[in-house]
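This report describes how parts of one protein model pack against each other. Please look over the sequence and the model before reading on.

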Amino acid sequence: MRSIRAAAVGAVTMSLALAATACGGGSAGGGGSDDSPKTLTYWASNQGSSIAVDKKVLQPELDKFEKQTGIKVKLEVVPWSDLLNRILTATTSGQGPDVLNIGNTWSASLQATGALLPWDAKNFAEIGGKDRFVDSALGSTGAQGKDPAAVPLYSMAYALYYNKQIFADAGISKPPATWDELIADGKKIKARGKSVLGAEGSNLAENIHHVFVFAKQHGADFFTPDGKPDFTDPKVVDAVEQYVDLMAKDKVIPPGDAEYAQNQSVSDFAKGRQAMLLWQSAAANLKSQGMSEDAYGIAPVPVRSGTPGAGTQTNSMVAGIDIAVFKNSHNLDGATRFVKFMTGDAEQKILNTAYSSIPPVKTAQGDAAFGSPSNAVLKNTLATSAAALPQVATESQFETVVGTAVKDLFADAAAGRAVTTDSVKAKLVKAQQQMPAA
């Protein structure tokens, strides 16, 4: 993947409130049926470097499904900037696709609308069983204790990508394992006239992904165990401040990145202007921009000390895409067959290879095609040191308000305004006040 999700979470609070009692899907009538057994509509997320690339990847597979089943799939690739609001509109209007991709962090929020087909034991049995999927991916399919609202399709994790030539020129022999090492390496890189580390300071989702990990490393969570916002926990404040300080104090993120929101930091890295990049499964994106795999290395995201693992050694959120079904689809049987097709071993290998992601299906993940050193880093991260974002109904609002707070803090840093513990806390107080009442 790498696509833009900042705008996608920007107007969610009102939309989710309106959607909470709606049913959504193929019609305004409510329950699903098999009235249209020969067609399906599918909203795919923009996983490739462009919508055209996604169509080129997906259409042959959809043609294969039609040949096998006689069901024609009408494909629309929806940009991330539109996807969530399109889905929420469909939950209120009842006019949506049969099958759709969702960002896995949205699962609990969309589950709360009641619009998506629950994947209970019977429905999972129709696609080969729940135990086919890795546990880390299943952990981002809906609220704990409820039947999943979606099925894992593509898995991703964050990693540290580094330019081998820039490192060699700066006399750096290995990638940094801790944030202190990264900051120290940054001084050597800047002395050679290169930018150190990229960020998407105006991308709300990227901001959330990173401050979530920093909070984990500080032993904190943005929500209490019973799902209430806890944005002003002193450890959360410290975590957000540490991330923004990579620009404000440590000077390893350039001030101009405060305005980045459309993958510009990936382009900077691909073009050799920047030494390091924190990104999800970036290989396909970098290749599409002309960067050879030999030009960069991949390593785990740094931790505060020690090595990556669980708890305070977390170094990635569990990133990924799930596939869901609107429960009032006019072709529930066909939709279920399509989910089975897309999560089958053969398609998992084809699609995850195309998108440089990791199959969430155990047997496909074990295939030799996903055994490269770079994939080994991602698979190990997902298995040992990644954590799911909060699976709460207000997760999408959390992305909006806290992502915006971090965006504003980056803007302060870029403008030379002081970023202090008090200013960080003030932004987070405001963010918590904007969350809906429990």
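What distance separates the centres of domain 1 and domain 2, taken over C-alpha atoms? The two centres are 27 Å apart. The model is predicted, so that local features need pLDDT of at least 70 and side-chain atom pairs count only at pLDDT 80 or more, while totals for chains, interfaces and linings use all residues. Residues are numbered from 1 along each chain as its sequence is written, and side-chain values use heavy atoms, with hydrogens and water left out.

**Domains**

The domain assignment gives domain 1 as 39–156 + 320–383 and domain 2 as 159–317 + 390–434; such bounds come from an automatic or database assignment. Domain 1 puts 24 residues into the contact and domain 2 puts in 21, where contact means heavy atoms within 4.5 Å. About 1500 Å² is buried between domain 1 and domain 2, and carbon and sulfur atoms give 56% of that area. Buried area here is the accessible area (1.4 Å probe) that two parts lose on being put together, summed over both.

**Helix pairs**

Helices are DSSP runs (H or I, at least four residues), numbered from the N terminus. Axes are lines fitted to C-alpha atoms over the stretch in contact, and angles run from 0 to 180 degrees between N-to-C directions.

| Helix pair | Angle | Axis distance |
|---|---|---|
| H10 (234–248) and H18 (421–433) | about 110° | 9 Å |
| H9 (204–217) and H17 (395–414) | roughly 90° | within 8 Å |
| H17 and H18 | about 150° | 9 Å |

H10 and H18 are therefore roughly perpendicular (65 to 115 degrees). Their crossing is right-handed, meaning that the near helix is turned clockwise from the far one by less than a right angle. In this contact, Val236, Val237, Val240 and Glu241 of H10 meet Thr421, Val424, Lys425 and Leu428 of H18. These residues divide into 5 nonpolar, 1 polar and 2 charged. Nonpolar covers Ala, Val, Leu, Ile, Met, Phe, Trp, Tyr, Cys and Pro, charged covers Asp, Glu, Lys and Arg, and the others, Gly among them, are polar.

The angle in the table makes H9 roughly perpendicular to H17. H9 contributes Leu204, Ala205, Asn207, Ile208 and Val211, and the residues from H17 include Phe398, Val402 and Phe410. By class, the contact of H9 with H17 has 8 nonpolar, 4 polar and 2 charged residues.

H17 and H18 are roughly antiparallel (over 145 degrees), and their crossing is right-handed. Val401, Val402, Ala405, Asp408, Leu409 and Asp412 of H17 make this contact with Ser423, Val424, Lys427, Leu428 and Ala431 of H18. The classes are 7 nonpolar, 1 polar and 3 charged.

Conventions
Helix = DSSP H or I, 4+ residues; strand = E, 2+ residues; numbered from the N terminus. Parallel < 35°, antiparallel > 145°, perpendicular 65-115°, else oblique.
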